[in-house]
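Take a moment with the sequence and the 3D view. The paragraphs below go through the chains and the places where they meet.

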Amino acid sequence: MEYVSPEGLRLDGRRPMEMRQIRAEIGAVSKADGSAVFEMGNTKVIAAVYGPRQVQNKSQQMNDQALVRCEYSMANFSTGDRMRKPKGDRRSTEISLVIRQTMEACILTHLMPHSQIDIFVQVLQADGGTRSACINAATLALADAGIPMRDLVTSCSAGYLNSTPLLDLNYVEDSAGGADVTLGILPKLDKVTLLQMDSKLPIDILENVMQLAIEGCKAVANYIREILLENTKQLEYRRGV
Amino acid sequence: MVGLSLGEQHFIQGGIAQDLRCDGRKRLAYRPISVETGVIPQANGSARVRMGATDVIASVKAELGKPSLLQPNKGKVSIYIDCSSTAEPAFEGRGGDELSAELSTALQRCLLGGKSGAGAGIDLSSLVVIDGKICWDLYIDGLVVSSDGNLLDALGAAIKAALSNTGIPRVHVAAGASSDEKPELDVSDEEFLQFDTSSVPVIITLTKVGKHYIVDATSEEESQMSSAVSISVNRQRSICGITKRGGAGLDPSIILDMISVAQHVSEQLINKLDSEIASAEAGDDES
Amino acid sequence: MRGIDLAALSKTQKLRLEKALEELESLSSKVNSDASVTIADSIAVNHEDAILKGHGTADLNGEVVATLCGIVERVNKLIYVRGLRSRYKPEVGDIVIGRVVEVVQKRWKVEINYSQDAILMLSSMNMPDGVQRRRTAMDELNMRSIFEEKDVVCAEVRGFQHDGLHLQARSQKYGKLKGGQLLTVPPYLVKRQKQHFHHLEEYGFDLILGCNGFIWVGEHIEAKDDMVEDQVNQSEPQVLLPNKNATNLEEQEKNYTELETRKYICRAANAVRVLSTLGFNITLEIIKGIIELSLSLNLDIHEMLSSEFCVVVAEKEAERRKSNKRRR
């Protein structure tokens, strides 16, 4: 199947290096300490952060750092074909773990000993790149909860189809069988914190694809930074002195 | 989930007795309701309903299936509710399962009628494409995004709104297919059938606290309930289903009293919802 | 937009709200400068001066970067980022309201919206009989007669110790709160002030603005004088029955909060709710202003939570801040 037309357009009309439209909104769940909605094209996720709060299970308490927990779940209506999956299947467990590890690496956990931070991500619509969208939403929610972090983490995926590197794969491209690289970076520190790839790819091409994904992450980071700055300004002027 | 001190409990109970609740509402008043439709583009129909801090999403997906042998001339509808852990950390893992199951069955009871499908709020026979062979299966999924009491009514309202938002593709059956062959179907991408949602009931939960009962309880008020009765009422003021929850016993005469109150309240709620849905749909078309 | 359900607003309401918020933005002093930072933004410093890095900052290859979203504050050599939305950050002497979650040996654990539960020792608590003395084993057994689990209590932050954050309640004004409602708002909306306890005589209720974002609105309770208390209670047995509440409940059935007072309590509570959704600073004057506004508009109490009132409050607040600025 042809995923990139001779004119260099993808199935949804994007150019190979073009990202889908991204949109973020802070403060979606009123009761949570921090929350955000993040959309990449048709992919839409909600993240809510509770904490830092007293550790619920005393045996998990750590005296030198905060306990970070994460749960990922997909709504039944989130995929094109309706599916009915119980919570906590292997895929969700794996994604929960990935998100937790990625976020834990950038939270300054040593500042909040004896406490726990819960991150809940809920996929409302899945159209490829849910992992990336979840991480971006979680970053926003953590920042909204006022949790100190080393850096923002942002994530984006890239793939390789029809011998063209493609940025930000949607579901159709993702399931095409080509390589799918999900990357997470710390934009300020300029470091990669998350890298996952399936299927095979020659090393020199991997480099290109990775570079493309990094560009995507940076674009997301700029957008997230803008949203956060706007939100901070708004909170400040609304509060008044 | 909600822990209140005796002093606060007493204050809430007193407020209900005096017909002035903590947020200033009377016993039979609702919180502000807002409706958004078409929030899940991938679904055939969807809606998001907010009542105060309670926030739920309902989606309707239609798939072609086979009618059951017992009711060859009716489509199938299933309702499933999920409580997201974003709403409450306690819903993490299997924590929300019990509540999800309770809500799902209560909604099925209130909206779908009996086993035979008789008395359902949704006209099941309109879902049939070919008698006994092909019908539409409707999957209604609800998701609780944020919870502050009265989830059942909010979900009921969201489902009603989602159904009004639902367009089911028109199916053309190729003529001449003989009865034993698999008929050829042409599912249209452009023509959609709208649902008649005028008969879909709304759910009104009356929560009994002390001697009185209230509508649209917040989770703090729900923590004080002795029992609650959920009554689904349609536009014709007929009762489509009743569920009683909570441990305390109720005098049968009180239940009858509650039903008549619910019938009265339903009229306002249906009108309010219909106007909200209409304005949401209008806003939807614009954008 | 944070906190405000835009879907519930009509078009004109949206425009009015936008206009009011724009006005607020133009009135704010700090916003237009580059004081707002987000995580990992570098903060400009003059490296020749010695600087002290405070909260919300970190060092990255010699550069000062923010670890929070907030406003950069500079006090002499100290540079820190003042965060906005977050959990409560305790400071010694703060008046806080909390909920007892656990009664353990010699101490109560209190949830105060901090990253851990705070500790209130039996020994940092004035005994109900008002006598200063060593706490006996008997007192320890009767701790539940003072505070039980789930009780709402008011106390002062005493300080950090090796086992966590300690509270104290060494005055009659602190202690258990009843006959009212507890509201929670983001702590950054409550400013530290001289006075956090307010008795609104004209309306007949008490308002306590906890620094941790827990706000209590309840029936007025006369603060008892320590000395008088002493004399009265001396003859009484010191042991309070733990089930005192249970017997009282029956009686209380008849003496619920008076309807008149309750109306004002609910009005004040809704005023706090509106301010919290709009993200406006919460002080006694502003709450009073909203109560008066709602009375002058002849609004029912529940109408204060409608989107229309929300817009009206935003407009009034813009006006108020404008006139404040002019006066200065």
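Start with how chain C folds back on its own sequence. Take the contacts in chain C between residues at least 6 apart in sequence. Of these, 66% join residues at least 24 apart. This is a predicted model, and every value here is read from that prediction.

Stay with chain C. Its secondary structure comprises eight helices and 17 strands. The chain has 328 residues, and 38% of them are buried.

How far does the predictor trust this chain? The mean pLDDT of chain C is 86. A score of 70 or more is reached by 88% of its residues. One stretch of chain C, residues 225–246, has pLDDT below 50. That stretch still has 20 contacts in the model beyond near neighbours in sequence. Where pLDDT is low, predicted coordinates should not be read in detail. For the model, the scores are ipTM 0.92 and pTM 0.92.

Now turn to the contact between chain C and chain A. Here 36 residues of chain C meet 32 residues of chain A. Which elements of chain C give two or more residues to the side that touches chain A? They are α1 (11–27) and β6 (70–75) of chain C. The largest share of this side comes from α1(C), with three residues. By class, the side of chain C that touches chain A has 15 nonpolar residues, 13 polar and eight charged.

Next comes the contact between chain B and chain C. Chain B brings 22 residues to it, and chain C brings 31. On the side of chain B that touches chain C, the elements that give two or more residues are α1 (6–17) and β1 (33–37) of chain B. Which of the elements provides the largest share of this side? It is α1(B), which supplies eight residues. Sorted by class, the side of chain B that touches chain C holds eight nonpolar residues, nine polar and five charged.

Look at residues 151–216 of chain A in the model. Over these residues the chain is 27% helix and 42% strand. The end C-alpha atoms of residues 151–216 of chain A are 17 Å apart.

Definitions and conventions. Residues numbered from 1 in each chain as written. Chains lettered and ligands numbered in written order. Predicted model: local features only at pLDDT ≥ 70, side-chain atom pairs only at ≥ 80, totals over all residues. Helix = DSSP H or I, 4+ residues; strand = E, 2+ residues; numbered from the N terminus. Contact = placed C-beta atoms within 7 Å. Nonpolar A, V, L, I, M, F, W, Y, C, P; charged D, E, K, R; others polar. pLDDT = per-residue confidence, 0-100. Buried ≥ 20, exposed ≤ 12 C-beta atoms within 10 Å, placed from the backbone.
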